[in-house]
Amino acid sequence: MVQWDRIIQQLEHILGTEFRLERLPVAKWNRNADDAKSADKSRTIEGRNHFLLYKDGGHLQTASVEEAALTISEKQLVELMLEAQRMNNKHTMTSAHSEDERKAGVIRAWVADQLEQGITDTELPETITRSFPLYASKIPLLVYGDYSDQRKAAYQDLKKLLESFFDGEIALIPLLDKEWLVLGPESLLHESGDGDEETMEEMLASLGQALHEMLATEWVGECHVAVDYPMLPAKSLLASIYRLRETMSLGRTYHVADNIHMPWRLQLEKLLQPIGEEQRQQFLERVLKRVDLLKEAEMITTLEQFITLDCSVSETAKKLFIHRNTLLYRLDKFKQETGLDVRTFHHALLVHVALLLYKVTKRT
């Protein structure tokens, strides 16, 4: 944090005049530019000389003094001293970021080494926990950026963006070239919740959704986010990374249209994942009789939405923007072709499993 109070006190002592700290909208600052007469770091506004300290979102923090209180030489002195302070602060921040990146690199190397050995659940060594704040409960979020190799994300830029989004300190650990682990404070859950009735899972889903929307807009393009329950990094960091990677893999395999992945929504998918290709094909042929029906995009969309919406005819028709009778016609057609009536629980479950297995089968 820049010690602006100290530098302002020094200027007041040297110049024998009083400065006032003010917060101005950027638009107001820009409107008062005086071309060649005005430096980029100072403006004359409403009879006062304003000297730029730093930018804060859409506002600027300035130190102002009566216009007549300073000579041209004194104004130049103020600008030089403030610029020197800004450069010193920039160097300090860069050094701090570099140290954070170095520590994150140590964790990255340890994680890679453990997973390479087949270890997926062990505590962090004391040599790491001594220099990293890992004993407070954190929300783990795994981020994968779908950006090209030519648009690699810089550690410092992403950390600054995330700290602005979370409005506080976070831990950022690069795992692979496009894979990042974000550890946010557990207090975020209470800030993101819409009400007392919201469950832990709903609050985590809201947080993941908000993070994805911000990254997709402010970062280098589209991305995927996996989120899990809060944990103690010193005890469970490795297990959490392993679980998040598994969650993202399952989500991207079975739900390609989704960008937010959570383990509690993928339990059936995890159970089906070990099934071999031959067994999948046999199940599809045995249950559906006509696998080619699933090549019809309209039929797949209809069945998926119907099952997702708890087999509600009215809600599905509304979601698909079709008449209720049109939906019933499609469901009856599917029943005639396969013998499966998805309006019953047992048949809906079979079709749900078949749809999941078909997604994997057609990609292998």
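Contact here means heavy atoms within 4.5 Å. Keep that cut-off in mind, and let's start the tour.

**Before you click**

You're looking at a predicted model, where local features need pLDDT of at least 70, side-chain atom pairs count only at pLDDT 80 or more, and totals for chains, interfaces and linings use all residues. Residues are numbered from 1 along each chain as its sequence is written, and side-chain values use heavy atoms, with hydrogens and water left out.

**The whole chain**

Helices (H or I, at least four residues) and strands (E, at least two) are DSSP runs, numbered from the N terminus. Of the 364 residues in the chain, 42% are buried. Buried means under 20% relative accessible area, exposed means over 50%, and partly exposed is in between (1.4 Å probe, protein chains only). Take the contacts with a separation of 6 or more: 66% of them join residues 24 or more positions apart.

**Stop 1: D341**

Select D341, in the loop between helix 13 and helix 14 (345-361). Is D341 buried or exposed? Its relative accessibility is 14%, so D341 counts as buried. Now show what is around it: leaving aside neighbours within four places in sequence, D341 is in contact with K335, H347 and A348.

**Stop 2: helices 12 and 13**

Next, select residues 313-320 for helix 12 and residues 324-338 for helix 13. Two packed helices are described by the angle between their axes and the distance between the axes. Axes are lines fitted to C-alpha atoms, for helices over the stretch in contact, and angles run from 0 to 180 degrees between N-to-C directions. For this pair the angle is about 105° and the axes are 9 Å apart. Helix 12 and helix 13 are therefore roughly perpendicular to each other. (Angles under 35 degrees count as roughly parallel, over 145 as roughly antiparallel, 65 to 115 as roughly perpendicular and the rest as oblique.)

Show side chains for V313, S314, T316, A317 and L320 of helix 12, plus R324, L327, L328 and R330 of helix 13, and you have the contact. It divides into five nonpolar, two polar and two charged residues. For these classes, Ala, Val, Leu, Ile, Met, Phe, Trp, Tyr, Cys and Pro count as nonpolar, Asp, Glu, Lys and Arg as charged, and the others, Gly among them, as polar.

**Stop 3: two positive phi values**

Stay with helix 12 and look at the loops around it. F321 is in the loop between helix 12 and helix 13, and has a positive phi of about 60° although it is not a glycine. At 77% relative accessibility, F321 counts as exposed. Then go to D310, in the loop between helix 11 (297-308) and helix 12. Its phi is near 55°, again a positive value in a residue other than glycine. D310 is exposed, with a relative accessible area of 68%.

**Stop 4: helices 10 and 14**

Select helix 10 (residues 277-288) together with helix 14; their axes come within 10 Å and cross at roughly 140°. That makes helix 10 oblique to helix 14. Which residues of helix 10 meet helix 14? They are R280, Q281, F283, L284, V287 and L288, and on the helix 14 side you'll find L350, V353, A354, L357, Y358, V360 and T361.

**Stop 5: helices 5 and 7**

Now pick helix 5 (residues 155-166) and helix 7 (residues 200-218), whose axes come within 11 Å and cross at roughly 135°. That makes helix 5 oblique to helix 7. In helix 5, show L158, L161, L162, F165 and F166; they meet L207, A210, L211, M214, L215 and E218 in helix 7. The contact has ten nonpolar, no polar and one charged residues.

**Stop 6: the cores**

In soluble globular proteins, nonpolar side chains tend to be buried together. A nonpolar core is a set of buried Ala, Val, Leu, Ile, Met, Phe, Trp, Tyr and Cys residues joined through side-chain atoms within 4.5 Å. The largest has 51 residues, and those with the most contacts inside it are L162, F166, W180, L211, L215, W219 and L237. Helix 7 gives the most to this core, with seven residues. A second, separate core of 31 residues includes V287, L294, I307 and L355.

**Last stop: K270**

Finish at K270 in helix 9 (residues 267-272). At 44% relative accessibility, K270 counts as partly exposed. Not counting residues up to four places away in sequence, K270 touches E246 and L250. K270 and E246 are 24 residues apart in sequence and 8.6 Å apart in space, C-alpha to C-alpha.
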